[in-house]
Amino acid sequence: MLQQEQIEQIADELLAADRERSVVPLLSARNPGMEIEDSYAVQALWARRRVEAGRTIVGHKIGLTSKVMQAAIGITEPDYGVIFDDMVFENGSVVPFDNYSNVRVEVELAFVLDKPLTGPACTLFDVLDATKYVVPALEILNSHIELRGRTIVDTISDNAAMGAMVVGGRPVAVDAVDLRWVSALLYKNQTIEETGVAAGVLNHPATGVAWLANKLAQHGTTLEAGEIILAGSFTRPMWVERGDTVHADYGDLGAITCRFE
């Protein structure tokens, strides 16, 4: 476990890396006793500093929902991060490439809540009941910590690599489609790069939202009505560079396009 002074030092280091668009050495290598709860404490302090600077929390993201990714990083459950108001882009936006580090894109579904969700006994059915609508979304990953050798404490401390999101397509009620079978084709510069089906997220994307509500309960937090929840990627991260155009085709749920400049 880390001391409070160490947690504050790491949070300040990550805030500086975000301002400077820089990448710092692995936290796990420099703090060998660091545990998962330490990393969530770093994230919470980082988020509080952003709120104090005038930003507003509008939701949460869920990461590492894939069994393959969990095995690769040595964990058995997902992680989460915070979404702020300045992280949300509309469909067709031009995204400032220089605002992010290690820029990658993932295909996801976003749940917009109509009711609060509280753990520790939240279920998939509670999530469906509390959801106003589900809408396609792209997550833009933003990693301020070097990627090679990264562990779960590095990822969580860095706000689960949440950089931004692009919302588009057609919002649907949870009973209007079978969410498990929502699929997407991900293109970069008119070339298809990835495909995926939403059941790849814990067998049902709402399962991740239930996990999040229960995990937040352990940290004394709940999901509020109106929050946007990124439910987890069902494609591998796709690297992007300045000048790239990204297009995700969700079939009946529409499409999302953005360009990085």
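## Basis

The model is predicted: local features need pLDDT of at least 70 and side-chain atom pairs count only at pLDDT 80 or more, while totals for chains, interfaces and linings use all residues. Residues are numbered from 1 along each chain as its sequence is written, and side-chain values use heavy atoms, with hydrogens and water left out.

## Overall build

The chain has seven helices and 13 strands; these are DSSP runs numbered from the N terminus, helices being H or I of at least four residues and strands E of at least two. Its radius of gyration is 17 Å, close to the 18 Å from the globule rule for 261 residues, so the chain is as compact as a globular protein of that length. That radius is taken over C-alpha atoms, and the rule is 2.2 Å times the number of residues to the power 0.38. The C-alpha trace spans about 50 × 45 × 35 Å along its principal axes.

Of the 261 residues, 53% count as buried (under 20% relative accessible area; exposed is over 50% and partly exposed in between, with a 1.4 Å probe and protein chains only). Among contacts (heavy atoms within 4.5 Å) with a separation of 6 or more, 76% are accounted for by residues 24 or more positions apart.

## Arg-180

Arg-180 sits in the loop between β7 (162–167) and β8 (183–188). With a relative accessible area of 27%, Arg-180 is partly exposed. Leaving aside residues up to four places away in sequence, Arg-180 touches Val-197, Ala-198, Ala-199, Asn-203 and His-204.

For Asn-203, the backbone oxygen lies 2.8 Å from a polar atom of the Arg-180 side chain. Ala-206 is one of the buried residues of α7.

## Helix α7

Helix α7 covers residues 205–218, and eleven of its 14 residues are buried, so the helix is largely enclosed by the rest of the structure. Its buried residues include Trp-211, Leu-212 and Leu-216, and also Asn-214 and Lys-215.

The cover over these buried residues includes the helices α3 (36–52) and α5 (124–130). Strands β1 (57–63), β2 (79–84), β5 (104–113) and β10 (228–230) are also part of that cover. Just after α7, Gly-220 takes a positive phi of about 75°.

Terms used. A polar contact is a pair of N or O atoms within 3.5 Å; within protein, one must be able to donate a hydrogen and the other to accept it, and residues adjacent in sequence count only if both atoms are side-chain atoms.
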